[in-house]
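This briefing goes through a single protein chain by topic.

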Amino acid sequence: HDQHGVGRFLELVSRRVGRGDAAVTRDYLLIEYAPSKKGQPGDRLFVPTDALDQVTKYTGSDQPSLSRMGGADWAKTKQKARKAVKEIAKELIRLYAARQATKGHAFAPDTPWQRELEDAFPYVETPDQLVTMDEVKADMEKPVPMDRLLTGDVGYGKTEIAVRAAFKAVQDGKQVAVLVPTTLLVHQHLETFTERYAGFPVDVATLS
């Protein structure tokens with residue numbers, strides 16, 4: 001809870017509030033907190049369903065300590081978290097500045113072989129593939145190290161982007177290592193890269 005901290009969700013309950021004809025039934029989340037005094041049952045908070053924006057699911061350790069309602073512990077925890085976030089942000093800024101100042105290899109523009117490889121792709125590229133490939137190659141042609149993370153669902157063409165980027169690097173006389181998490185993917189990528197580079201003077205091998 002934004003104001004009261006980490007609690008344990010117990011159940012969804014309905015309560016009738018108001019008097020007479022003005023009485024209405026409302027739904028609440030019932031959340032339990034640490035007891036304010038030792039030996040006492042935990043404090044409970046009823047959160048109306050129209051105030052769910054104040055509640056988020058906890059992500060962290062499997063067994064977090066429950067906060068005390070009305071105490072200063074939660075405020076201190078949030079203050080520490082804000083301070084930690086600021087420190088992380090400062091470190092990221094320093095890291096980004098260092099990367100921008102670091103000299104990298106500026107790869108040459110696309111060659112006729114690069115265009116031939118890409119034209120031989122047996123499928124129609126998606127718009128996202130085309131945009132991403134243009135951005136990756138533009139990064140590779142800059143004199144600073146590339147810092148890029150590519151994400152996508154299975155079967156959405158990430159490997160083809162790696163194939164084209166690796167081929168661009170090889171044409172500049174570089175070796176390329178493609179790291180994958182399983183032996184099965186090693187063999188799958190070997191087949192893909194070998195098939196795509198067929199007809200070009202590129203050696204493809206595996207280490208597993």
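Leucine 29 stands opposite valine 47, which belongs to strand 3. The model is predicted, so to speak of local features pLDDT of at least 70 is needed, side-chain atom pairs count only at pLDDT 80 or more, and totals for chains, interfaces and linings use all residues. Residues are numbered from 1 along each chain as its sequence is written, and side-chain values use heavy atoms, with hydrogens and water left out.

**Sheet**

- Three strands make up an open sheet in the order 1-2-3, with antiparallel pairing; strands (E, at least two residues) and helices (H or I, at least four residues) are DSSP runs numbered from the N terminus, and two strands pair if DSSP finds at least two bridges between them.
- Strand 1 (8–17) and strand 3 (44–48) are at the edges with a single partner strand each, so one side of each has no neighbour in the sheet.
- From one strand to the next the twist averages 35 degrees, where axes are lines fitted to C-alpha atoms (for helices over the stretch in contact) and angles run from 0 to 180 degrees between N-to-C directions.
- Strands of a sheet pair through backbone hydrogen bonds, either parallel or antiparallel.

**Strand pairs**

- Strand 1 and strand 2 run antiparallel and are joined by nine bridges.
- Phenylalanine 9 has isoleucine 31 of strand 2 as its bridge partner, and arginine 16 has threonine 25 of strand 2.
- Six residues lie between the strands in the hairpin of strand 1 and strand 2, where glycine 18 takes a positive phi near 95 degrees.
- Strand 2 (residues 24–32) is joined to strand 3 by five bridges, and these two strands also run antiparallel.
- Glutamate 32 stands opposite arginine 44 in strand 3.

**Domains and annotation**

- The domain assignment gives domain 1 (8–69), domain 2 (71–101) and domain 3 (112–197); the bounds come from an automatic or database assignment.
- Domain 1 and domain 2 have C-alpha centres 30 Å apart.
- An unreviewed UniProt entry places the feature "domain: Helicase ATP-binding" at residues 139–208; UniProt positions are given in the numbering used here, feature names are shortened, and annotations may be inferred rather than shown by experiment.
- Residues 139–208 are 41% helix and 0% strand, and their end C-alpha atoms are 29 Å apart.

**Cavity**

- The count is one cavity of 30 Å³ or more, a cavity being a set of points on a 1 Å grid over the protein atoms alone where a 1.4 Å probe fits but cannot get out, with lining residues having an atom within 4 Å of a point.
- Glu125, Gln129, Leu130, Met133, Glu160, Ile161 and Arg164 line the largest cavity.

Note on methods:
On a 1 Å grid over the protein atoms alone, a cavity is a set of points where a 1.4 Å probe fits but cannot get out, and a pocket is an open set with protein on both sides within 12 Å along at least five of seven lines; lining residues have an atom within 4 Å of a point. Grid points are joined across faces, edges and corners, and a volume is the space filled by probe spheres set on the points.
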